[in-house]
Amino acid sequence: MIGKFTTNKTAELTIDGKTFSLPIIEGTEGERAIDIRHLRKETGHITLDSGFMNTGSCASEITYLEGAKGILNYRGYAIDDLAENCSFVEVAYLLLHGHLPTSEEYSHFSNLLGRFALIHEDMIHFFDHFPPNTAPMAILSSMVNSLSNFYPEMTENPMEDIDIMATRLISKVRTIAAFTFKKSKGSPLVYPRHDLSYCANFLNMMFDSPVKPYTINDDVVAALNKILILHADHEQNCSTSAVRLVGSARVNLYASISAGISALWGPLHGGANQAVVEMLEDIYASDGDYQTYIDRAKDPNDPFRLVGFGHRVYKSHDPRSRIIKKACDEVLVALKVSDPLLDIAKELEEVALNDEFFIERNLYPNVDFYSGIIYRAIGIPNNMFTVMFALGRLPGWIAHWKEMWDDPDWRIGRPRQIYVGPKHRPFIPQEERDKESR
Ligand code: ACO
């Protein structure tokens, strides 16, 4: 297992009059866990924890977040500092290597991103065979899985240079994302350019056209950098856990990341950013009647939830939502865009934050609440929002996959269960079953 733990404290567990001593381990920031790794062997019992509300699946050096205080640090650096001062490429490097790059390391990493940006020409034909209106996340996960066949270096040598491995994937996913958008519009593909920065290159591939050349806007590039940084990692969330779990079977990076993309697609996870804008559009269409949505969210008999609110870990402000709200204001001013959805979002937030239902349950806006409004302002359509999230989350997924792969304490992920089905019963031959059913 990674890192060092304080293990001079123990917890006592008594089962059927017999007491067991369990080590208490402590992380760098003082968070504590009861180490139950030998529990089953010693006591014959397992633990049951649906949704993993109390279960640590690994020790990790990548990201620290403290939900109660709204803290999020990547490799020890506060998210506010990184979002304010770094490019997405620097943060990707940080997540993968554990330190911010020197200028030499940065230019090596950036050059690799430029060098690996193309995808095999045969892969481009794949886009033609998805049915119209295929969800971009379905295309993305399929294409990423296919990369393992087109670029088998990784599967043949899973321990190849981390920079090559990561930049090949980060760069190609950017190209696949932009091509998915172009294909969905029936527009000609725009190939990556070596002279552009990561975000500028992506925007150019998305929006340049032979009949309307795209002008790169520094404010838009800055907003995109910020938004991708905010999404770059979030410790053991659903998609990252999926990447680690699938990767724990020693499957290649591409297949593991493809699993992460599928998990992220879910409306309770990455799909929420699209759902937020759809909800705001519905409110706009109903003349701004947000109260109905608040009332529905509070109704215990209605499954509806106020999308973009609540978080499994943050029971206080999500630090990312603060940064994204400010970025949202900035980008709309810079682009001279006025979006009524932003006004509705702000009113909705104000009402919810002062409503007892949301206060009692510690429900605050999460990162998805404002991100979609920035994407709209940039010109990215709703169905591409979750793809944007995936683009941002990639360095985190890769860093976790690598950490899991290198962990000397690694084991295939294989949870246990409590069986509650029928007890053993005698087999009934089909003729007898038929007789019984007559
Ligand atoms: N609107 C209304 N009520 C909510 C909301 C919400 N968005 N979120 C939670 N609640 C309520 C629940 O109904 C529950 O109420 P109860 O105690 O009366 O039964 C209570 O708050 C606790 O909710 P849980 O479902 O136990 O919280 P959990 O930690 O399991 O879920 C989740 C977290 C899935 C994010 C949830 O808040 C949610 O569904 N939010 C809306 C979807 C969303 O925005 N997802 C994006 C998450 S961020 C990300 O993935 C990047």
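What is the handedness of the crossing of α13 and α19? The crossing of these two helices is right-handed, a crossing being called right-handed if the near helix is turned clockwise from the far one by less than a right angle, and left-handed if anticlockwise. This is a predicted model, in which local features need pLDDT of at least 70 and side-chain atom pairs count only at pLDDT 80 or more, while totals for chains, interfaces and linings use all residues. Residues are numbered from 1 along each chain as its sequence is written, and side-chain values use heavy atoms, with hydrogens and water left out.

**Domains and core**

The chain is divided into domain 1 (6–66), domain 2 (79–270 + 393–406) and domain 3 (275–378), with bounds that come from an automatic or database domain assignment. The centres of domain 1 and domain 3, taken over C-alpha atoms, are separated by 36 Å. The largest nonpolar core has 117 residues, of which Tyr74, Leu169, Ile257, Leu306 and Ile398 touch the most other members. Such a core is a set of buried Ala, Val, Leu, Ile, Met, Phe, Trp, Tyr and Cys residues joined through side-chain atoms within 4.5 Å, where buried means under 20% relative accessible area, exposed over 50% and partly exposed in between, for a 1.4 Å probe and protein chains only. Helix α19 (residues 385–406) gives the most to this core, with 13 residues; helices (H or I, at least four residues) and strands (E, at least two) are DSSP runs numbered from the N terminus. At least three residues of this core come from each of domain 2 and domain 3.

Leaving aside residues up to four places away in sequence, Ile398 touches Leu96, Ile162, Met165, Ala166, Leu169, Ile170, Leu253 and Ile257, contact meaning heavy atoms within 4.5 Å.

| Helix pair | Axis distance | Angle |
|---|---|---|
| α3 (residues 88–97) and α19 | within 8 Å | roughly 20° |
| α13 (residues 272–285) and α19 | 7 Å | about 145° |

The axes of α3 and α19 cross at roughly 20°, which makes α3 roughly parallel to α19, a term that applies to angles under 35 degrees. The crossing of α3 and α19 is right-handed, and the contact is made by Phe88, Ala92, Leu95 and Leu96 of α3 with Leu391, Gly392, Pro395, Gly396, Ile398 and Ala399 of α19. In the pair of α13 and α19, the contact is made by Asn273, Gln274 and Val277 of α13 and by Phe385, Thr386 and Phe389 of α19.

**Covered helices**

Helix α3 is mostly covered, with eight of its 10 residues buried, among them Phe88, Ala92, Leu95 and Leu96. Helix α9 (residues 198–207) is also mostly covered, 10 of its 10 residues being buried, and these buried residues pack against α3, α4 (103–115), α8 (162–185), α10 (218–231), α18 (368–378) and α19.

**Positive phi values**

Helix α3 is followed by Gly98, whose phi is positive, near 90°. Most residues other than glycine have a negative phi. Arg75, in the loop between β5 (71–74) and β6 (77–78), has a positive phi near 50°. Asn133 has a positive phi near 65° and lies in the loop between α5 (121–126) and α6 (136–150), where Asn133 is exposed, with a relative accessible area of 79%.

Technical notes: Axes fitted to C-alpha atoms, helices over the stretch in contact; angles between N-to-C directions. Parallel < 35°, antiparallel > 145°, perpendicular 65-115°, else oblique.
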